[in-house]
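Here are my notes on the model. Please read them with the structure open.

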Amino acid sequence: LRIAAAPVTSFGLEISELSAALAKVVSKEGAVGLAASQVGVDARVLVMDPVLSGVPTAVLVNPRITARTPEEEMRFWRERCLVLPDDVRVTLMRDAGITVSAQDVMGRPFSQQLT
């Protein structure tokens, strides 16, 4: 996860199927989100549970952070990672909010605020 995944350049069925598979894992595991690189797929695709994450668009292809909240507004979050054992939790500093530019599974660009 330390190396940036490859950007998606072809859109359509393959990305739709990958997104659906990631969404199935997110739903089954009760996770907030899952990146393709977390399951060994070298593609910049992120799927989030719209209920748990509070976001209207649950699939972000080629996401890029375009704005962040000020550093003094960062918060501590206790998290777990789906690729680690269930009992492993870590505390991380996270932005209170960001703005992300991304594409949907058909390649259409959009921007979204996440908190």
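1. Where is the place of K24? K24 lies in helix α1, residues 13–29. Helices here are DSSP runs of H or I with at least four residues, strands are E runs of at least two, and both are numbered from the N terminus. K24 counts as exposed, at 62% relative accessibility. The classes are: buried under 20% relative accessible area, exposed over 50%, partly exposed in between (1.4 Å probe, protein chains only). K24 and D104 are 80 residues apart in sequence; C-alpha to C-alpha, they sit 18 Å apart in space.

2. A word on the basis. This is a predicted model, in which local features need pLDDT of at least 70 and side-chain atom pairs count only at pLDDT 80 or more, while totals for chains, interfaces and linings use all residues. Residues are numbered from 1 along each chain as its sequence is written, and side-chain values use heavy atoms, with hydrogens and water left out.

3. Now the overall fold. The chain has 2 helices and 7 strands. Along the sequence the pattern reads α-β-β-α-β-β-β-β-β. The radius of gyration is 14 Å, close to the 13 Å that the globule rule gives for 115 residues, so the chain is as compact as a globular protein of that length. That radius is taken over C-alpha atoms; the rule is 2.2 Å times the number of residues to the power 0.38. Along the principal axes, the C-alpha atoms fill a box of roughly 40 × 30 × 30 Å.

4. Next, packing and surface. Of the 115 residues, 32% count as buried. Among contacts with a separation of 6 or more, 47% join residues 24 or more positions apart. Contact means heavy atoms within 4.5 Å. The chain exposes about 7600 Å², and carbon and sulfur atoms supply 56% of that area. Areas come from the Shrake-Rupley method with a 1.4 Å probe; for residues, only the protein chains shown count as cover.

5. Look at the nonpolar patch. V83, L84, V88, V90 and L92 make a surface patch of about 340 Å². Patch residues have over 30% relative accessible area and no salt bridge, and nonpolar side chains (Val, Leu, Ile, Met, Phe, Trp, Tyr) are joined within 5 Å. A salt bridge is a side-chain nitrogen of Lys or Arg within 4 Å of a carboxyl oxygen of Asp or Glu. V83 is in the loop between β4 (75–79) and β5 (90–94). V83 is partly exposed, at 47% relative accessible area.

6. Finally, check N62. N62 is not a glycine, yet has a positive phi of about 55 degrees. N62 belongs to strand β3, residues 59–68. At 16% relative accessibility, N62 counts as buried.

Definitions and conventions: Patch = residues over 30% accessible without salt bridge, like charges linked within 9 Å, V, L, I, M, F, W, Y side chains within 5 Å.
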